[in-house]
Amino acid sequence: MTYLVKGARVLGGEPKDILVKDGVIAEIGAPGRVDGTGAGHVDADGLVALPGLVDLHTHLREPGREDAETVASGTAAAALGGFTAVHAMANTSPVADTAGVVEQVWRLGRQAGHCDVQPVGAVTAGLLGRQLAELGAMADSAARVRVFSDDGVCVSDAVLMRRALEYVKAFDGVVAQHAQEPRLTEGAQMNEGAVSGRLGLTGWPAVAEEAIIARDCLLAAHVGSRLHICHVSTAGSVEIIRWAKSKGWDVTAEVTPHHLLLTDACAETSPAGAYNPIYKVNPPLRTGEDVRALREALADGTIDCVATDHAPHPVEDKETEWQAAAMGMIGLETALSVVQEAMVETGLLDWAGVADRMSARPARIGRLPGHGRELRAGSPANLVLADPSVRWAVDPGGFASKSRNTPYQGMTLPGRVVATFLRGRPTVLEGKLT
Amino acid sequence: MNRHLLSTADLSREDALLILDTAEELSRVSGRSIKKLPTLRGRTVVNLFFEDSTRTRISFEAAAKRLSADVINFSAKGSSVSKGESLKDTALTLQAMGADAVVVRHGASGAPHRLANWVDGSVVNAGDGTHEHPTQALLDAFTMRRRLGELDGRRVTIVGDVLHSRVARSNVHLLHTLGAEVTLVAPPTLLPVAMGEWPCEVSYDFDSVLAKSDVVMMLRVQHERMNASYFPSAREYSRRYGLDPDRLGRMPEGAIVMHPGPMNRGMEIAAEVADSARSTIVEQVTNGVTVRMAVLYLLLSGSEPAIGGNL
């Protein structure tokens with residue numbers, strides 16, 4: 001099928017017509033100048049065109065927790081959020097620590113067809129932090145795993161981390177670290193600060209993240225490896241990463257949409273009352289000062305990309321006392337809106353910057369050559385059309401995700417995804433799954 | 001007054017004084033041979049205790065019964081809760097049974113706040129995790145007021161494991177609201193890291209604040225804190241932060257010693273101090289019933305006179 005996308009503002013620039021044919025962008029030209037004979041027309045007047053978004057950090061929960069999310073439901077949510085590729089985290093049940101499991105997840109993604117599913121392999125067998133998983137077997141499998149992570153737990157053993165960093169060099173892999181010093185965060189419930197002190201909840205100190213990041217940057221430099229840092233949440237982490245990059249070390253980092261918008265004050269003062277575990281997440285929401293530092297770091301490129309850390313949980317795991325609640329929040333269907341709110345409306349990033357941080361750079365870190373490409377003739381037709389002018393009240397009732405644990409419920413956010421194309425095929429049109 | 005009593009931070013000065021004045025009025029009943037009032041006849045108070053706390057539970061039970069309320073004791077052990085029932089389902093069950101007030105003790109900070117979303121009745125926080133214990137602070141203030149008069153300008157020193165103490169949090173808010181000057185004393189390991197906004201002073205040195213304290217309130221120190229390296233040993237803690245006869249002697253004349261109980265005699269407080277005439281520890285227990293009567297009365301019957309015209 002051929003499509004003529006009419007009047008889209010490519011990266012927020014002047015309106016253009018985009019001809020999508022045979023899975024690639026065939027032509028981009030001035031409005032009315034591109035021959036769309038026989039093509040399906042997509043009216044993109046006023047819409048911004050970006051390369052299809054790439055998420056380095058998604059929990060699809062399958063296999064094992066299909067009550068919270070499946071590959072099919074999670075990737076449907078991804079497509080509606082403008083994503084054409086997601087990296088499925090390894091903390092499933094069974095853990096994605098063998099070629100068999102990563103191939104299963106990869107195949108489920110192909111069957112669902114909403115977006116590309118690139119499995120992440122566990123660094124250690126069973127995420128137990130004792131011995132390396134068969135990283136090479138996962139790399140060589142049909143799933144071609146390049147990103148390895150024990151996300152959910154930190155590879156806290158320094159020797160194991162060093163070995164993992166070294167070992168994945170053989171196949172151009174990267175270790176994505178969940179930076180959390182375990183002893184400093186035993187029983188931790190929320191950011192350690194003024195709010196945790198008042199609420200009487202056990203603190204998760206910033207230093208527990210920063211100490212691991214500092215150590216791992218030094219390890220990566222020592223062995224000449226590539227390191228990626230998951231969900232950076234503190235101003236101190238930003239300074240360490242900035243320093244590591246200034247040394248020329250191959251360190252990349254991601255920030256979640258929620259860490260760009262929300263603070264630990266949500267646990268105390270939210271419309272839904274204090275102690276609402278909808279705001280419980282790991283790493284925890286930090287302070288306003290951290291949010292400012294993270295936004296600036298994403299703007300200046302110190303933090304390379306936005307990753308959702310989409311973490312679905314069933315209702316019963318959140319409708320509890322804070323301490324008993326599961327950590328995490330869903331984010332695929334709100335990510336672009338939150339980034340528009342936090343970065344674009346504040347003037348910190350333009351749409352070209354958003355394309356870089358949500359598509360080009362994550363695709364490069366994840367080694368996905370078909371994604372994150374420049375929007376020009378010849379590129380794979382992975383693109384998203386979004387309307388930046390609308391504002392919408394977030395209602396998880398309408399989400400494709402099986403879970404409802406969004407912290408943005410009732411908030412009004414800017415921007416909505418209108419259409420998503422995966423290799424020339426629309427996965428979303430008029431804001432709905434095709 | 002709010003519908004619930006979740007935190008002393010929610011109490012205005014007027015609310016706090018109303019509770020204390022009402023308790024004063026109700027205390028006259030405690031001196032009678034027949035201690036019961038008909039005020040809450042036909043109302044149901046549920047004591048929902050997820051943590052063992054016999055002292056607090058029987059205090060609330062006595063308070064509710066003296067007001068003629070029907071009391072249901074719901075202890076988590078051996079109940080549906082120990083079989084995995086969620087807090088929400090427990091709340092819905094109590095709601096369906098028509099509980100007018102739920103007195104809740106829970107090991108998780110904020111559990112009473114969550115419960116308040118799910119029941120129509122009043123929720124009274126009887127201690128939640130390491131957060132607050134509002135009725136303890138109210139009975140402490142009541143006790144201080146009886147011994148020392150109004151609290152404006154009074155200097156109260158609270159010593160011990162502030163980090164994990166619900167008693168300390170509730171007292172800081174309430175005493176500040178009532179005009180007292182609070183100083184918290186603890187080793188730095190047992191204080192929250194960021195206390196800039198707490199309306200109180202903080203000191204690591206017990207001896208330096210002794211001489212200017214009208215009240216010294218000792219907090220219970222859990223033995224398990226020692227194993228987690230919050231301090232090196234019970235003996236060292238006791239030497240630096242325990243209230244012994246020597247320190248008692250350096251307190252101003254007329255200053256009182258308080259402890260919310262249960263005490264570790266010989267640890268945070270010496271037996272001679274606990275048993276001295278300046279100790280209010282037994283009075284605190286007595287006053288606990290009275291203050292809890294006032295709280296239940298004000299939450300459940302609103303503007304009706306507390307004990308009618310029959311005194």
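Two residues are in contact if their C-beta atoms, placed from the backbone, lie within 7 Å. I start with that because the word comes up throughout. What you see is a predicted model, where local features need pLDDT of at least 70, side-chain atom pairs count only at pLDDT 80 or more, and totals for chains, interfaces and linings use all residues. Residues are numbered from 1 along each chain as its sequence is written, and chains are lettered from A and ligands numbered from 1 in the order in which they are written.

Let me take one residue, R166(B). Leaving aside neighbours within four places in sequence, R166(B) is in contact with G127(B), D128(B), T130(B), H131(B), E132(B) and H133(B), and also with G200(A). R166(B) sits in helix 6 of chain B, residues 166-177. Helices here are DSSP runs of H or I with at least four residues, strands are runs of E with at least two, and both are numbered from the N terminus.

Is R166(B) buried or exposed? It is buried, because 23 other C-beta atoms lie within 10 Å. The cut-off for buried is 20 or more such atoms within 10 Å; exposed is 12 or fewer, and partly exposed is in between, with C-beta atoms placed from the backbone.

An unreviewed UniProt entry has a "binding site" annotation on K83(B), R166(B) and R220(B). UniProt positions are in the numbering used here, feature names are shortened, and annotations may be inferred rather than shown by experiment.

Now the two chains together. On chain B, 22 residues are in contact with 18 residues of chain A. Helix 3 (87-96), helix 4 (111-118) and helix 6 of chain B each give two or more residues to that side. Helix 4 of chain B has the largest share, four residues. By type, the side of chain B that touches chain A has seven nonpolar, ten polar and five charged residues. Nonpolar means Ala, Val, Leu, Ile, Met, Phe, Trp, Tyr, Cys and Pro; charged means Asp, Glu, Lys and Arg; the others, Gly among them, are polar.

Last, chain B as a whole. How many helices and strands does chain B have? There are twelve helices and nine strands. Its C-alpha atoms fill a box of roughly 50 × 50 × 35 Å, taken along the principal axes. Of the 311 residues in chain B, 50% are buried. Among the contacts in chain B with a separation of 6 or more, 75% are between residues 24 or more positions apart.
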